[in-house]
Amino acid sequence: MPEVFNNTSTPPISRMEAKFKSLVARSSVLRSHDPTHNPLAAFCIMPPKVGFDVQHDDERVLLLLRQHPIVNLGWILISIVLVFLPLLILPLTNWLVFLPFSFRTVLVLSWYVITFGFALEQFVMWYFNIYIITDERVIDMDFYSLLFKRISETKLDHVEDITAASGGVVQSMFDYGDVQIQTAAEIPEIEFERVPHPAEVTKLISELIDKEEVQDKGTK
Amino acid sequence: MNVFVLPSPIIDATSPVLISLPFVFWVFKILFLIAFAIYVIYALVIIRQISLMSRSVTTGFQGVLKLLAAIHFFAAVGIWLLALMA
């Protein structure tokens with residue numbers, strides 16, 4: 001059989017796996033963590049089930065970040081107060097006496113549905129406001145409200161400067177802060193707000209940039 | 001008697017101003033139905049947005065969120081119907 005029909009080259013998927021494994025081996029941040037399987041985690045290293053609509057076929061998600069869970073404390077406390085408010089207020093007021101009992105029940109039920117809706121909306125906003133670092137890009141997905149979203153991204157070789165900022169008692173105690181990424185691309189800055197372990201995020205991006213530079217030098 | 005509390009035409013039967021209680025109830029009910037109809041639309045928007053956000057990012061937890069949003073929407077519709085019949 002002619003040599004041309006013997007396909008001895010490595011299949012693309014194996015090459016992708018090899019590239020990914022070498023990346024993990026070279027990054028101290030990726031090496032020191034196991035893949036995160038918890039879908040509610042705020043700091044997910046190589047999450048297996050995560051993908052996004054503008055993802056390339058050969059692109060792997062290395063780190064998925066959300067704001068630190070402690071930022072949810074405000075709306076959780078408000079929701080708890082809203083749950084107990086009717087129980088505290090209704091026995092003290094008599095201004096609803098002109099309503100039949102059935103309608104008063106409807107009012108209380110509607111209060112709880114609105115409270116549930118408020119908590120659900122707050123949770124969804126936290127859950128879907130994510131920052132993704134892949135082996136090619138840094139992506140910031142912001143959902144400002146239920147109706148407005150903005151997706152910013154920059155390639156790793158466009159990253160110029162990374163700054164991690166953390167301040168105050170709460171941020172120091174829970175180890176979270178902001179990571180600012182200056183870029184040479186059209187979007188001058190991408191900011192990861194109130195993410196857990198900002199120092200590790202900065203370190204990972206630096207390691208990935210170093211890897212990109214090594215690759216660029218290798219191709220020249 | 002507390003002189004600082006004004007006699008309410010709704011609560012106090014001895015009030016000089018007379019307002020029909022069923023009339024007040026119907027006005028209240030109609031206003032509630034209008035307001036809660038807007039809320040039902042908002043609940044529908046939440047379902048739609050979770051669906052769109054799930055399309056942008058796949059995380060393996062969208063099913064639960066979609067279920068919660070659907071429960072919220074059907075609860076809102078149920079309350080609107082209950083208010084209509086009350």
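## Contact between chains A and B, and the salt bridges

Across the interface of chain A and chain B, zero salt bridges are found by the rule. This is a predicted model, in which the count of salt bridges over all chains comes to three. The area buried between chain A and chain B is about 3,200 Å², and carbon and sulfur atoms give 82% of that area.

**The interface**

- The contact draws on 38 residues from chain A and 34 residues from chain B, and six residue pairs in polar contact are found across it, both residues of each pair being at pLDDT 80 or more.
- On the side of chain A that touches chain B, strand 2 (51-52), helix 4 (101-128) and strand 5 (137-143) each give two or more residues, with helix 4 giving the most, at 17 residues.
- The residues of that side of chain A divide into 27 nonpolar, six polar and five charged.
- Strand 2 of chain A pairs with strand 1 (residues 57-58) of chain B in the antiparallel sense over two bridges, and A:Phe52 stands opposite B:Val57.

**Salt bridges within chain A**

- A:Glu59 and A:Arg137 form a salt bridge with the closest N and O atoms 2.7 Å apart, linking the loop between strand 2 and strand 3 (61-65) to strand 5 across 78 residues.
- A:Glu59 is buried at 2% relative accessible area, and A:Arg137 is likewise buried at 3%.
- A:Arg137 also meets A:Glu153 in a salt bridge (2.6 Å, N to O); A:Glu153 lies in strand 6 (residues 149-155), so this pair ties together parts that are 16 residues apart in sequence.
- A:Arg150 forms a salt bridge with A:Asp142, the closest N and O atoms being 3.6 Å apart; A:Arg150 is partly exposed at 42%, whereas A:Asp142 is buried at 10%.
- Shared partners join A:Glu59, A:Arg137 and A:Glu153 into one network of salt bridges.

Conventions: Residues are numbered from 1 along each chain as its sequence is written. Chains are lettered from A and ligands numbered from 1 in the order in which they are written. This is a predicted model: local features need pLDDT of at least 70, side-chain atom pairs count only at pLDDT 80 or more; totals for chains, interfaces and linings use all residues. Side-chain values use heavy atoms; hydrogens and water are left out. Contact means heavy atoms within 4.5 Å. Buried area is the accessible area (1.4 Å probe) that two parts lose on being put together, summed over both. A salt bridge is a side-chain nitrogen of Lys or Arg within 4 Å of a carboxyl oxygen of Asp or Glu. A polar contact is a pair of N or O atoms within 3.5 Å; within protein, one must be able to donate a hydrogen and the other to accept it, and residues adjacent in sequence count only if both atoms are side-chain atoms. Helices (H or I, at least four residues) and strands (E, at least two) are DSSP runs, numbered from the N terminus. Ala, Val, Leu, Ile, Met, Phe, Trp, Tyr, Cys and Pro count as nonpolar, Asp, Glu, Lys and Arg as charged, and the others, Gly among them, as polar. Two strands pair if DSSP finds at least two bridges between them. Buried means under 20% relative accessible area, exposed over 50%, partly exposed in between (1.4 Å probe, protein chains only).
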